[in-house]
Amino acid sequence: MKENKGFRLNPETGYFENMGVTVMAFNDIYAAGHQSGVCLIMHGNRVATNGDLRLEQTPGQWQPLPRDVERKVDAENHSITTTLEYPDERWHLKGFNPMIYPDVHLKYDVHVKAEGQAIRVRVDLETPVPEFLLGKCCFNLELFPGALFGMPWVMDDKQGIFPRQPNGPTLSLPGNCDHAMPADKESKLLADKEHLMGEGYSPITADTLIAAPYAVGKRFTVRPDDPYNRFTVASQSGEIKFYDGRMNHNNGWFVLSEEIKAGATAKAVEWLITPSVVEEWLYTPVVQASQVGYLPGQDKAVVIELDKRDERRPDTVLQKITAEGIFPVRTLKAEEWGSFLRYHYLKADFSDVTEEGLYQIRYGESVSSVFRIAGDVLDRGVWQPVLEYFLPVQMCHMRVTEKYRVWHDLCHDDDATMAPVNLYHFDGYMQGGDTLCKYQPGEHVPGLNVGGWHDAGDFDLRVESQAGESYILSLIYETFGLEWDATTIDQQKKITEIHQPDGKNDLLQQIEHGALTVIAGWKALGRLYRGIICNSLRQYVLLGDPASMTDNRPGNGDDRWVFTEDNPGRELTTAAHLAAVSRALRKFNEGLSADALEAAGQLWLVTDASRNEFARMAKVHAAAELFLATGENEYRQHLLNEKDFIAEKIQRLGWIACRVVKQMQDAAFEETLRQALSALQEEMEAQSKETPYGIPYRPHIWGAGWQIQAMGFQYYFLHKAFPDLFPKALVGHALNFVLGCHPGSNTASFASGVGAVSATMAYGLNRADFSHIPGGVISGTALIRPDFPELLPWPFLWQQTEYVLGGGSSNYMFLVMAVKELFGA
């Protein structure tokens, strides 16, 4: 074991290290998601983050963030200096999620320096804080609440317990929005400031009412009872106040905060952060395997994640669990795989084990979850919860019940009002200078109160999520011929009853439900909608029953807004989706099938694909699916004409071309495709060797589970068309990753309710209850940059635990069925 020499800046990683404790300084860039600024990771757990200057004590997702200017690493002096400034004008009443910045310019440096067993943090301002921000502008450090409930804290001579819920009294403060900076007059689109602020509570004005601090003092100690999580923050510049950020934002964290004094510039804030360092600590080895199990003929490998300093190599033992107990089967040969992210990995193959039963893998004192090897391991409770629970629960314009339980009441039956023009809304919605249809802003658009699924916990209907979900479900139906009936869906009565069969194929009923909303928009507007979303921020942050968002009576101020756009790439992608939907519904709902095919054909005819590369690729996709739907030569000829472009964009278009290559019956097309795919295969194989998981995986910030599922879904078609180029193994590896064989200490299955251990706190409609929806598939293990994989059991981190439509669960469902087909008996 190395000697504890105090904190040192590691020039390779760009962060401070002392044995098992890491301090990062602006390595990360996602403050809205609680991962930026000064960050503290202690003995394998991230305990504090977002250490930075903010304009309020307990900011949320909707409060102004600074702009990063420069980050300087001084390895010789073991220090990092980051320059930042307010405002970041890109987000003032503009952008994906517009904010309201106060009229202030603050430029400042955050100096972070190793000092023995401590880290010194100093803030220098270029100019003093203006008077209207005194008492508001402060340096904050956020503490992860999920690990602190019921645990002790000490502030000077005051003590307390971290509470499970925020408790009064509250504190009223002047609002920063009252001092808003002028809008950008050059911008064609702007958010409506007054509408964002709304009446009553709004998350964008939530700085006006916060929790009174639990304690005020000079020295705060977190978890004095636990040497693995104990750290002290001592101020040498003022008073630290301990706040509960959940009072004004339900998804907030605990916050240590120090206000900037009047006139302060140099050393405006100076903290000494002293973490407890347990010198003998090593990261507990993590045994990573599927939480569900394996088919007998499936490739099987266990990955063991180790501290890089850990030189111990106990046996890796496969154990079988019988009615009489647990018995060793054999010792597996664990090969040294190497380093990935911050850990060292071993890997042991046990593909030759085919005897059915319950198993577990032990590595020293660490064990995997129990899993099965069986021919029917995927036959019940694996893909089925997607169709039995998740999709029904997400259904919009329906009342969804499950025996005693009401998942949600009839919702959004008043859809929808035409959105205002020249508007930046939120969550990426915007409306240009024209509605692009016969309806004017504020007019009710009839007929939109049908079909669709709520996207994640946001309750909106994006055209790509609605059409995209229906598309993947249609390919499941076409590819695997799935018949399943466990749910009653009554479109006339707008009632869904889970686990009450109605004699109809649930899969086709769900495809129908997605198609209904897209075709309703097409008919009502004469074009596709961009999406339908609530009109106010208060509605957007709703936690609970979506039926409470509006009153189901059209024509008043609570109705959702419908947006349109001129986006040829999205329109042609939707054409591709609708063409596949038309095939799936041909014998189930002939009228809707015909409408879908007609809309797809019209979109093909009227949409200009020459405007950008995305549109050109989307037209290839549309041509492929329309050719499969109609057999018409026009679409085949387009694919032939674009064969060189397909080869050029093989990474994006290869799997699409593989879906039609045999039906094309053109030797030159197939040979061009094969040559391009050979290069793609080499690239994928090389990337798969970069990780111990046998798949291309380059984490950024968000959990990569959805992308890996999508890759596995697309790879299936590559394999089916060219099995000599694309071995089937990667499909299984992708599923194993989602089901638990992924980096980090939390090896939960990303599919809620699936497997021995799964994500049972998720960012869905019931996240305020710290609960989940079976069959929902979360985003998964995220990256705390540069190298810390994390999956917290916490329902409010969308980049780790969010559910989505348009592939999140349907790609997973396809992947399970693909593995059963490829590796089953």
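This is a predicted model: local features need pLDDT of at least 70, side-chain atom pairs count only at pLDDT 80 or more; totals for chains, interfaces and linings use all residues.
Two strands pair if DSSP finds at least two bridges between them.

**First stop: an open sheet**

Select strand S23, residues 301-307, together with strand S27, residues 343-349. These two strands pair in the antiparallel sense over 7 bridges. In general, strands of a sheet pair through backbone hydrogen bonds, either parallel or antiparallel.

Now widen the selection to the sheet formed by 4 strands, in the order S21-S23-S27-S26. The sheet is open, and its pairing is antiparallel. Which strands stand at the edges? They are S21 (286-288) and S26 (334-340); each has a single partner strand, so one side of each is left without a neighbour in the sheet. On average, neighbouring strands of this sheet are turned by 25 degrees against each other, direction ignored.

Is Asp307 buried or exposed? Asp307 has a relative accessible area of 8%, and it counts as buried because the limit for that class is under 20%. Arg309, in contrast, is partly exposed, at 26%.

The count of salt bridges in the model comes to 48. The next two stops show further examples.

Select Lys494 and Asp413, whose side chains meet in a salt bridge of 2.6 Å, N to O. Lys494 lies in the loop between strand S37 (487-490) and strand S38 (495-498), while Asp413 lies in the loop between strand S32 (405-408) and strand S33 (417-418); the pair therefore ties together parts that are 81 residues apart in sequence. Lys494 is buried, at 17% relative accessibility.

Move on to Glu690 and Arg698. Here too the side chains meet in a salt bridge, with an N to O distance of 2.7 Å. Glu690 is partly exposed, at 34% relative accessibility. Arg698 has a relative accessible area of 57% and is exposed.

Select Asp427, Asp455, Asp460 and Arg462 together. Salt bridges link these residues in a network. Then focus on Asp427, which lies in the loop between strand S34 (423-424) and strand S35 (430-431). Asp427 is buried, with 7% relative accessibility. What is the phi of Asp427? It is near 60 degrees, a positive value in a residue other than glycine. Most residues other than glycine have a negative phi.

Phe26 lies in strand S3, residues 21-30. Its relative accessibility of 6% counts as buried.

**Last stop: two cis peptide bonds**

Most peptide bonds are trans. Select Gly168 and Pro169 to view a bond that is cis, with omega near 10 degrees. Pro169 is found in the loop between strand S12 (158-161) and strand S13 (170-172).

Finally, select Arg785 and Pro786. The peptide bond from Arg785 to Pro786 is cis, with omega near 10 degrees. Where is Pro786 placed? Pro786 is in the loop between strand S41 (782-784) and strand S42 (788-790).

Note on methods
Residues are numbered from 1 along each chain as its sequence is written. Side-chain values use heavy atoms; hydrogens and water are left out. Axes are lines fitted to C-alpha atoms, for helices over the stretch in contact, and angles run from 0 to 180 degrees between N-to-C directions. A salt bridge is a side-chain nitrogen of Lys or Arg within 4 Å of a carboxyl oxygen of Asp or Glu. Buried means under 20% relative accessible area, exposed over 50%, partly exposed in between (1.4 Å probe, protein chains only).
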